[in-house]
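Hello,

Here is the structure for the handover. My notes on it follow below.

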Amino acid sequence: MKKRFNAVKAAVLAAAFILLLGISAAAVYYIYLGYTMYSSAIEAKSVSEMAADIKSRCRFIGYDELPEFYTDAVISAEDQRFFSHNGIDALAICRAVLHDIKAGAPEQGGSTITQQLAKNEYFTQEKRLERKVAELFMAVRIEKELSKEEIFALYVNSIYFGSGHYGIYSAAEGYFGKDVTELSDYECAMLAGLPNAPSAYSPDTSPELAAKRTKAVLEKMVSAKYITKDEEAKILKE
């Protein structure tokens, strides 16, 4: 009986070892594919060229021109450790993986603002593992060459806000008829929430969902300690 138990135990350990080898081999394979994809992308367009391209597309709003409330709202909604990570937030990725396992579907990605900029400017939106790996390499490269403020400005000047609006200048003008510097706190929170799902949250197509998303952004700002609950209530009265 003991020999049989030892044989089963050995078989289980052998199977586990083979599985780990398989996982390791797969990891190396996808890292290779991702690095190759990254190398091709950065060879075709450098980080400085990417930045210049975004600045040439539309009225570019520099970081210092953005309302502080808007900056805080975007960071609260998208990447709360933006100013402390190196382009990759391992904690956010782990949290997203655990959430997706619990949900039984890929609902959260754990991507940082830098990763989103890398994906939007260098790669397709296709959900492939090697593309995700390439995005990680590119995010680290971008962080090495640009300041956090430059990265943030490039991101908000290039993302889609729904209803045909690309970039924060177009979104502020198109939705509210205002210059970015004139936005109210509520409008800043609304614009911070739109890129998550621009077609769904656009106030032009669904004011109710836009308002609900804005409230969610304000709640995240409270959680991140940018505003208090009383300030949130006051802003919602707008």
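Accessible areas here come from the Shrake-Rupley method with a 1.4 Å probe, and for residues only the protein chains shown count as cover. A patch is made of residues with over 30% relative accessible area and no salt bridge, joining like charges within 9 Å and nonpolar side chains (Val, Leu, Ile, Met, Phe, Trp, Tyr) within 5 Å. A salt bridge is a side-chain nitrogen of Lys or Arg within 4 Å of a carboxyl oxygen of Asp or Glu.

The model is predicted: local features need pLDDT of at least 70, side-chain atom pairs count only at pLDDT 80 or more, and totals for chains, interfaces and linings use all residues. Residues are numbered from 1 along each chain as its sequence is written, and side-chain values use heavy atoms, leaving out hydrogens and water.

Ile31, Tyr35 and Phe137 make a nonpolar surface patch of about 280 Å². Tyr35 sits in helix H1, residues 2–44 (helices, H or I of at least four residues, and strands, E of at least two, are DSSP runs numbered from the N terminus). Tyr35 counts as partly exposed because its relative accessibility is 44%; buried means under 20%, exposed over 50%, and partly exposed in between (1.4 Å probe, protein chains only).

The protein has twelve helices and zero strands. Of its 238 residues, 41% count as buried.

In helix H2 (residues 47–57), the buried residues are Val47, Met50, Ala51 and Ile54. They fall within an arc of 95 degrees seen down the axis of H2, so they line one face of the helix; the arc is that of the directions from the helix axis to the C-beta atoms.

Helix H5 (residues 113–122) is mostly covered, with nine of its ten residues buried, among them Ile113, Leu117 and Tyr122.

Regards
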